Each structure stands twice: as structure tokens, then as C-alpha cells.
Amino acid sequence: MASELAARNRVVALNKSIRSIDTKKNGARDMSEYLKHSKDEISLQIGKISHQLNMIEALGKMSDKYKIKYTFDLLDKDNNKHISASELSDGIRKVNAGSLNFQESLQKTINDIVRYDKDQDATLNLDEFEIYLSTVSKETGTDYRELCELIIMQLLFSETGNTDEEMAALKILEDEIGMNIIETENFNEAFNDEVMRELFELFDLDKDYAVNFSEVAIGLYCILEDIDEATKLTVDIMLMLDVDDERKLSYDGFVRLILNFCAASNNSFDTVKTQFILNMHQVYNSSLDVYQKMMVANEFYDEMKNLEVEQGVMNALHYGKMHKLFALCD
């Protein structure tokens, strides 16, 4: 609505005037000048409150549908029909009246977009945003209309939010944040996939709800049908994912293992999961040669993990030398 936009612009102008008065007040040379500035400031504050009251009255006349669209447009600062992480982060800090710091608001933003971004483009469109508002209303026990009105008032009149420096940082990190959101969405989708759970159960031979080095190597051997490739890949992926030195992976780590394996072969889990299950049901070749190669790979992995424990961080040069030794033994 044009009147609301005009009110918003007037408030921005009022805030600038108030800041200007604050600056001048510090340099006031006599009491009369100070009093004049104080009077002007009070008048401006009264004007600001008047505009807020006018906005509250205008909100009461808006339909719920229009309120949602108006809220969306306030957040969508670049008018591209999508709310980005930086735009939502700024809005969340305004709505929470500055109670969240920059990092907290960014993390909440990422979590919220991951949860409601159904088309997985790392942003929220209008339909997704409407579902987001509806869910927040239900989870907080807040009336839907009142929630929209609160958000609009905070977005228009709150002086909190991200600073210019923080917004500039978000702009620089925009692509990285988007990739992080999409990766998290892919992980959540795979984590909840029934086929992934079935695959984990097939890998977990001793049924202890975790997969150790040998179980991963055997599983990848069944999938790849190449023991050399399977053992080398197991070493690399286990070294990358077993950051707590448990020498095994829970279901969470297993999902990351499979997704990394798929990414390395330029596949998505959806396109290969059926074939993975079929291969896992085949009886793998348990010849002496296969057994020996798995033993060598397991010993190499243990040696690398022991080095990590002793040195804190694995030396890249030493890792390269050990990898060559592993290849020779293999």
C-alpha cells in the first residue's frame, strides 16, 4: 500500500533527523541551543509515534493474505521474489529486537531456510514463507494475524538488525552460505531416506549400530566390485570423517560417507541407491587375496589414526609417504 510505504519513508527520514540532532547536541555551545534541539527531537519522536499508530491502524484493515505479501516484500530487499539468507538474517534480528547476535541469527536463518526451502534453491519464495509464518505461529502459540503485525512493525520501526559491515560480509559469503544450505538439505533428505537406513543395516554386519573400517571396506567392495579401489576409498573417507578417533561411524557419519562417495563419482544418492542395494545383496568374493588386501588397508588406516593422535594433526608429507607404502604393500 502506498500509504504504508510513505509512512516507512517518513520514519527513515525522521530517524536520520534525530541522529543529526544528537550529533549537533554534542556540539551545542549554550543552553538555548540545547533546548531548541531537545524540543525539535521531542517533536520528531512524537511524529514517529504518530506514524507507528497510523501503521497499526492500517494493519488492522489489511487482509491476512496481504499482510503476508507485505511482510515478504519488506524482507525481500532486492525485489527478486526470494528471501535470501542475508535478508532473513537481518529480519530475524529486527524481530528479536537485537537479542540475537550476528552468528546466532545467521545460524537460525540457515536452519529455518533448510526446514522450509522445498524447492532447494537456498532461499524462501512466497509460498514457502507463508508456511514458515504459519508454523512459527503454531509453535509459539501466537495468533497468526498478530504475528504478522508484530513482524511488520519491527521491520519498519526497529533500529536493530545487521550492521552495514555485517550485511557486506553476508554479501561476500552469499554463495558459500547457499552451498551450505543446499548441502544440509541434501544431507537431511538422505538421512531420512528409508533406502539409506536399509543400506546402513546391510553395511553393519555385527549389528552394533555403527560401521567400522572392515564393514565399510566390505560394503564398498560389494558396490564397486573392485577390492583395490574399495580399500583405498575406505581409507580416505574414514580418515576424513572419523574426526573423534572412534574407528567407526554412527548412522550420521555413514550418511556423510555415502554422500561423499556419490559426490566423488558425480552421482546423486537417488540415482544409484537401488543399484547399491542390489549389489549389497550379492555374495562378495572372500578369497585370501581380498582378505589380505583388507588387512593391509586396515593396518594402514590404524597407523594414520595413531599418527593423528600422537601429532594432533596429520603431516601431509607423511601421509603421502604412507599412502605410497600402502600402494606398494597392496
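1. A residue counts as buried when its relative accessible area is under 20%. Keep that cut-off in mind as you look through this predicted model. K273 has a relative accessibility of 18%, so K273 is buried.

2. Now look at the partner of K273. The side chains of K273 and D193 form a salt bridge, with 2.8 Å from N to O. K273 belongs to helix α14 (residues 269-280), while D193 sits in the loop between α9 (174-191) and α10 (194-203), so this pair ties together parts 80 residues apart in sequence. D193 is buried as well, at 13% relative accessibility. There is also a network here: salt bridges with shared partners join D193, D270 and K273.

3. Next, find E166 and R93, whose side chains meet in a salt bridge at 2.7 Å, N to O. Helix α8 (residues 164-172) holds E166 and helix α4 (residues 85-95) holds R93, so the contact ties together parts that lie 73 residues apart in sequence. R93 has a relative accessible area of 11%, which makes R93 buried.

4. For another pair, turn to E139 and R115. Their side chains meet in a salt bridge of 2.5 Å, N to O. This pair links distant parts of the chain, with E139 in helix α6 (residues 126-140) and R115 in helix α5 (residues 102-116), 24 residues apart.

Terms used. Residues numbered from 1 in each chain as written. Predicted model: local features only at pLDDT ≥ 70, side-chain atom pairs only at ≥ 80, totals over all residues. Heavy atoms only, no water. Salt bridge = Lys/Arg side-chain N within 4 Å of Asp/Glu carboxyl O. Helix = DSSP H or I, 4+ residues; strand = E, 2+ residues; numbered from the N terminus. Buried < 20%, exposed > 50% of the residue type's maximum accessible area, 1.4 Å probe, protein only.
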